[in-house]
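Grab a pencil and have a look at the model below. Each exercise comes with a solution that goes one step at a time.

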Amino acid sequence: MGKSKQIGNHKSDKKKNIAKTWKTKRRTKDLDQIHSDMKPETAAKLLHQEVDFDVTGCAQHYCLHCARYFVDLKALKEHFKTKVHKKRLKQLREEPYTQAEAERAAGMGSYIPPKTVEVKTQSVEENMD
């Protein structure tokens, strides 16, 4: 057996938590956070944001269900047709998990199956400037 090719990875500060950065690099919002974003008052704020040059598409084209920004309206409309978006809509149909449901599961009440929520793709307003 020869010596391992990887040397000194545990001493370097730069690579200290490399596995953690790989796991959290593309992390998106959880389903319960998206459900709270889908409430009408929060959804209106997210869909009509001020221009922010640090965000993709200046924060003007946002998919509420996937929590993603897009470059332009065409990219947003194409995203609505993708498998990823449709899968997310299907996941959002189930009501979010609550503390009351956790207590019922622990034996402090009778089981009630989760309700389904009607989720539709957001409407897109085309600006004719």
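**Exercise 1. Which residues lie nearest the centre of the largest pocket, and how many residues line it?**

Before we start: this is a predicted model, where local features need pLDDT of at least 70, side-chain atom pairs count only at pLDDT 80 or more, and totals for chains, interfaces and linings use all residues. Residues are numbered from 1 along each chain as its sequence is written, and side-chain values use heavy atoms, with hydrogens and water left out.

Step 1: On a 1 Å grid over the protein atoms alone, a pocket is an open set of points where a 1.4 Å probe fits, with protein on both sides within 12 Å along at least five of seven lines; a lining residue has an atom within 4 Å of a point.

Step 2: list the lining. It has 15 residues, and Leu 47, His 48, Gln 60, His 61 and Glu 125 lie nearest the centre.

Step 3: sort by class. Six lining residues are nonpolar, seven polar and two charged. Here Ala, Val, Leu, Ile, Met, Phe, Trp, Tyr, Cys and Pro count as nonpolar, Asp, Glu, Lys and Arg as charged, and the others, Gly among them, as polar.

**Exercise 2. Find out where His 61 sits and what it is in contact with.**

Step 1: His 61 is in the loop between helix 3 (40–47) and strand 1 (62–63). Helices (H or I, at least four residues) and strands (E, at least two) are DSSP runs, numbered from the N terminus.

Step 2: His 61 has a relative accessible area of 19%, so it is buried. The cut-offs: buried means under 20%, exposed over 50%, partly exposed in between (1.4 Å probe, protein chains only).

Step 3: list its contacts (heavy atoms within 4.5 Å). Skipping neighbours within four places in sequence, His 61 is in contact with Arg 68, Tyr 69, Phe 70, Val 71, Asp 72, Leu 73 and Leu 76.

**Exercise 3. Where do Cys 58 and Ala 59 lie, and are they buried or partly exposed?**

Step 1: find Cys 58. Cys 58 lies in the loop between helix 3 and strand 1, and Ala 59 is found in that loop too.

Step 2: Cys 58 has 26% relative accessible area, so it is partly exposed, while Ala 59, at 2%, counts as buried.

Step 3: check phi. Most residues other than glycine have a negative phi. Cys 58, not a glycine, has a positive phi of about 60°, and Ala 59, also not a glycine, has one of about 65°.
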